[in-house]
Amino acid sequence: MTIITVRAAGDSAAVEAELRSLGAWLEDDRVVRRHVRGELGSSLAPVPGQQGDGIDILSLVLSSGLGAASLAAAVASWRSTRTPSPTLVVQRPDGIRVEISGHSQEEAEKLMRSLLNDGEGPGGSAA
């Protein structure tokens, strides 16, 4: 199992809306939803006695049965439906990340596949 994190650029309300939309998109994809569990959250540690921070991160738990190409295609397809296409930063547990910004659907898919295939993630081999 691998966990990757996804962040979106923009103000806090837009970021939360985009991450919720991406999470719902992945849940609606029959191939992806069998192998991905998404969880929205905050990258900041909670402060006792204070209300939580806004949602600024989507954590994706990936099972080993998911091919990198399937997740990459789903994320790239989702971006193509957004106007303008949001900037996403996708990061592996080892800290390696890619920024997907202003790229065509094909380039976004290629960036996602390279990130997932270059490590221990689904469809990849251990680095």
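Among contacts in the protein (heavy atoms within 4.5 Å) between residues at least 6 apart in sequence, 60% join residues at least 24 apart. The model is predicted: local features need pLDDT of at least 70, side-chain atom pairs count only at pLDDT 80 or more, and totals for chains, interfaces and linings use all residues. Residues are numbered from 1 along each chain as its sequence is written, and side-chain values use heavy atoms, with hydrogens and water left out.

The secondary structure comprises 4 helices and 5 strands, in the order β-α-α-β-β-α-β-β-α from the N terminus. Helices (H or I, at least four residues) and strands (E, at least two) are DSSP runs, numbered from the N terminus.

Of the 127 residues, 35% count as buried, that is, under 20% relative accessible area with a 1.4 Å probe, protein chains only. Strand E1 (residues 2-8) is largely enclosed by the rest of the structure, because 5 of its 7 residues are buried. Its pairings, for which DSSP must find at least two bridges between two strands, are as follows.

| Pair | Sense | Bridges | A bridge partner pair |
|---|---|---|---|
| E1 and E3 (residues 57-62) | antiparallel | 5 bridges | Ile-4 and Leu-60 |
| E1 and E4 | antiparallel | 4 bridges | Thr-5 and Gln-91 |

The mean pLDDT (the predictor's confidence in each residue, from 0 to 100) is 84, and 86% of the residues reach 70 or more. Over residues 120-127 pLDDT stays under 50, although the model has 24 contacts beyond four places in sequence for this segment. Where pLDDT is low, the predicted coordinates should not be read in detail.

Note on methods. Buried < 20%, exposed > 50% of the residue type's maximum accessible area, 1.4 Å probe, protein only.
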